[in-house]
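Trainee: I would like to learn how to read a model like this one. Where do we begin?

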Amino acid sequence: MKATAAANANIALVKYWGKRDEKLVLPQNASVSVTLDGLETQTTVEFLQKLTKDEVVLDGKKAEGIELERVEKFLDLIREKAGIGENAKVVSKNNFPAAAGLASSASGFAALALAATKAAGLRLDKRELSVLARIGSGSACRSIFGGFVEWLKGSVADGSDSFAEQLVPGSYWPEFRMIVNVLSDEKKKVKSREGMKQSVESSPYYGAWLESLEEDLEEMKEGIMQKDIEKVGEIAEHNCLKMHSLMFTTKPAIVYWNDLTVKMMKAVWEMREKGLKAYFTIDAGPHVKVMCLEKDVKKVLGEIKRVKGVKKSIVCRPGFDARLLPKNLF
Ligand code: PMV
């Protein structure tokens, strides 16, 4: 059978950076994110007897090397669960630049988990899908759900209690906006998987990061429940800078920022000096995402325009659960 699914990317407000189990993708800490409606991956999967190997096309290009291997391994998990042996044809497209720190692996593996399980004849509930998507890419477990989401760290060895849960749907806080500013089309040099492993092993601050997270998580969840942009923004910005401090102090150092990243950060601080409630967060790439409320979007965009070199600003609302689509990509 052929099935197609869509999933939205998510951006962490309290970040995940480090695993306690590499194979099962179990995190060192819980994280909180917002799923974004403007950044979407659509994926069609069909298992076919005639294929001698998996065929994967991502954004019009045949996947090869590590990229292909990652998808093949993920499909193996699904074949095993479903008791089937056929290879699959997978076609996937993003409406935003992939692998540049814009969370394409999150929406990508969430959409693949849903489309491939359906195509294989499996019926998984959202929690089971979240556990499965997590093994493809940690942050993908959060993209199974829309709105504001928490990924629970879990404690059991098989990883069955490390999944995401929705805190509140997007409709709870519809005024929340995340403006995703694309600053470069380049693919990132250090994959997050490799980068976070090196940080756990070598940053002298890793222990301090973990110790400080409980407070960030509690306050972030409170801020979301209170729809308090100041609280959410301040904690998200601080948490993001703590994560980047881990990256800088990794051996060898990991720096995802470029000159424009720093200019954008300064522009956000200047916005706040002018009384605008705008806050940034940055992931494993140079792009700066700016949080604010709907009523301030116009003014914030006006300020962003003054920073020369920003390629694109995508205004996103809280997005939706991963879902099946009626129309296939092939
Ligand atoms: O799940 P991955 O391997 O794409 O790693 C995500 C890492 C960050 O985006 C930097 C943080 C996060 O929690 O999403």
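Mentor: With the naming of elements. Strands here are DSSP runs of E with at least two residues, numbered from the N terminus. By that count, V25 sits in the loop that links β2 (19-21) to β3 (26-27). Keep in mind that this is a predicted model.

Trainee: What is the phi of V25 near?

Mentor: Phi of V25 is near 55°. That is a positive value in a residue other than glycine.

Trainee: Now the sheet. How do strands of a sheet pair?

Mentor: Strands pair through backbone hydrogen bonds, in a parallel or an antiparallel sense. In this model, four strands form an open sheet in the order β11-β12-β10-β13, and the pairing is antiparallel.

Trainee: Which strands stand at the edges?

Mentor: β11 (279-281) and β13 (312-316) do. Each has a single partner strand, so one side of each lacks a neighbour in the sheet. On average, neighbouring strands of this sheet are turned by 25° against each other, direction ignored.

Trainee: How many bridges join β11 and β12?

Mentor: Three, in the antiparallel sense; β12 covers residues 288-293.

Trainee: Which strands does helix α6 touch?

Mentor: Helix α6 (residues 229-248) packs on the sheet and touches β10 (176-182), β11 and β12. The direction of α6 makes about 35° with that of β11. Helix α7 (residues 259-273) also lies across β10, β11 and β12. Its angle to β11 is about 155°.

Trainee: What joins K251 and P252?

Mentor: A cis peptide bond, with omega at about -10°. P252 belongs to the loop between α6 and α7.

Trainee: Next, the ligand. How many residues surround the ligand?

Mentor: There are 14, and the closest are Y16, S105, S139, R142 and S192. By class, the shell divides into six nonpolar, five polar and three charged residues.

Trainee: Which polar atoms lie by the ligand's oxygen atoms?

Mentor: Take the side chains, then the backbone. A polar side-chain atom of R142 is 2.7 Å from a ligand oxygen. For a polar side-chain atom of D283, the distance to a ligand oxygen is 3.4 Å. A polar backbone atom of G138 also lies 3.4 Å from an oxygen atom of the ligand.

Trainee: How much of the ligand's accessible area does the protein cover?

Mentor: The protein covers 92% of the 380 Å² that the ligand has on its own.

Terms used
Residues numbered from 1 in each chain as written. Predicted model: local features only at pLDDT ≥ 70, side-chain atom pairs only at ≥ 80, totals over all residues. Heavy atoms only, no water. Pairing = 2+ DSSP bridges. Axes fitted to C-alpha atoms, helices over the stretch in contact; angles between N-to-C directions. Contact = heavy atoms within 4.5 Å. Near = heavy atom within 4 Å. Polar contact = N/O pair within 3.5 Å; in protein donor to acceptor, adjacent residues only side chain to side chain. Areas by Shrake-Rupley, 256 points an atom, 1.4 Å probe, with all protein chains shown as cover. Nonpolar A, V, L, I, M, F, W, Y, C, P; charged D, E, K, R; others polar.
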